[in-house]
Amino acid sequence: GTGDVKRFLVAQHHAPVQTSGMLAPWEPSALSATLATCNMVRYDSGLNSYAWDTTMAEAQHDFASVDAIDAESLGTPGKRTFRLRLLRGDDSAALWMEKQQLAALGEALPRLLEQLNTQDQHADEDAESIASFPDDPTIDFKVGRMALGYAAQEDRLVLVAHDVEAGEDESIPPTLSCRFTREQARSLSESCAEAVAGGRRT
């Protein structure tokens with residue numbers, strides 16, 4: 001029942017979680033108070049999924065369903081920077097992050113998709129590529145904590161990110177949240193891998 005789910009989550013949150021290699025940024029602290037109370041699937045640093053029955057803490061900027069999302073690396077080897085690019089209507093967002101964070105996100109996406117045993121409600125929608133991106137995006141920040149989830153009712157994955165300046169203060173709402181389809185998630189995972197490997201997605 002609902003009570004069992006809640007008790008499980010409390011126990012899971014406080015239980016020690018093993019981290020490994022590139023997945024270390026996905027700490028439980030990055031998830032707590034961020035994806036809080038709707039039918040979603042959450043991943044700890046070991047990328048074990050579990051559902052809980054609650055709604056996401058309202059983000060300062062909600063991109064809802066994005067038109068396009070990808071990852072890219074900029075600069076020369078040894079001095080590269082990494083970011084996610086999001087487009088929705090006239091709005092845009094650049095989410096800067098460490099190489100390890102981007103790699104962890106790219107690896108987490110297909111693992112989450114593997115857990116979904118329902119029909120893709122957006123199977124007829126292609127993942128749009130980003131032909132051009134503004135030099136001065138609407139939202140631009142460096143990511144500290146982030147969480148990845150799944151909104152079952154919308155059949156979309158959910159990404160929530162906190163500005164690094166928020167630190168570990170869980171009373172501060174997420175800086176940005178966005179939702180994207182399974183096909184967009186697959187495309188994003190591929191572009192994360194390309195960016196980490198050193199290529200720039202075009």
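Which residues does Leu95 touch, not counting residues up to four places away in sequence? Leu95 touches Phe82, Arg83, Leu84, Leu86, Phe141, Val143, Ala161 and Leu176, where contact means heavy atoms within 4.5 Å.

Before I continue, a word on the basis of this talk. This is a predicted model, in which local features need pLDDT of at least 70 and side-chain atom pairs count only at pLDDT 80 or more, while totals for chains, interfaces and linings use all residues. Residues are numbered from 1 along each chain as its sequence is written, and side-chain values use heavy atoms, with hydrogens and water left out.

Let me turn to the sheet. Helices (H or I, at least four residues) and strands (E, at least two) are DSSP runs, numbered from the N terminus. Seven strands form an open sheet with mixed pairing, in the order E3-E9-E8-E7-E6-E5-E4; two strands pair if DSSP finds at least two bridges between them. Strand E3 (61-65) and E4 are the edges, and each has a single partner strand, so one side of each is left without a neighbour in the sheet. From one strand to the next, the twist averages 30 degrees; angles run from 0 to 180 degrees between N-to-C directions, with axes fitted as lines to C-alpha atoms, for helices over the stretch in contact. E4 and E5 are paired in the antiparallel sense over seven bridges, and Ile69 has Leu86 in E5 as its bridge partner.

Two helices pack on this sheet. H2 touches E4, E5, E6, E7, E8 and E9, and its direction makes about 20 degrees with that of E7. H3 touches E4, E5, E7, E8 and E9, and its direction makes about 0 degrees with that of E4.

These helices also meet each other. The axes of H2 (residues 99-114) and H3 (residues 182-197) come within 9 Å and cross at roughly 145 degrees. Among the residues in this contact are Leu102, Leu105 and Leu109 of H2, and Ala185, Leu188 and Cys192 of H3. By class, the contact has 11 nonpolar, two polar and three charged residues; Ala, Val, Leu, Ile, Met, Phe, Trp, Tyr, Cys and Pro count as nonpolar, Asp, Glu, Lys and Arg as charged, and the others, Gly among them, as polar.

Finally, the core. A nonpolar core is a set of buried Ala, Val, Leu, Ile, Met, Phe, Trp, Tyr and Cys residues joined through side-chain atoms within 4.5 Å, buried being under 20% relative accessible area with a 1.4 Å probe, protein chains only. The largest such core has 35 residues, and Leu84, Leu86, Leu95, Leu102, Leu176, Cys178 and Phe180 touch the most other members. H2 supplies the largest share of this core, seven residues.

Methods
Buried means under 20% relative accessible area, exposed over 50%, partly exposed in between (1.4 Å probe, protein chains only).
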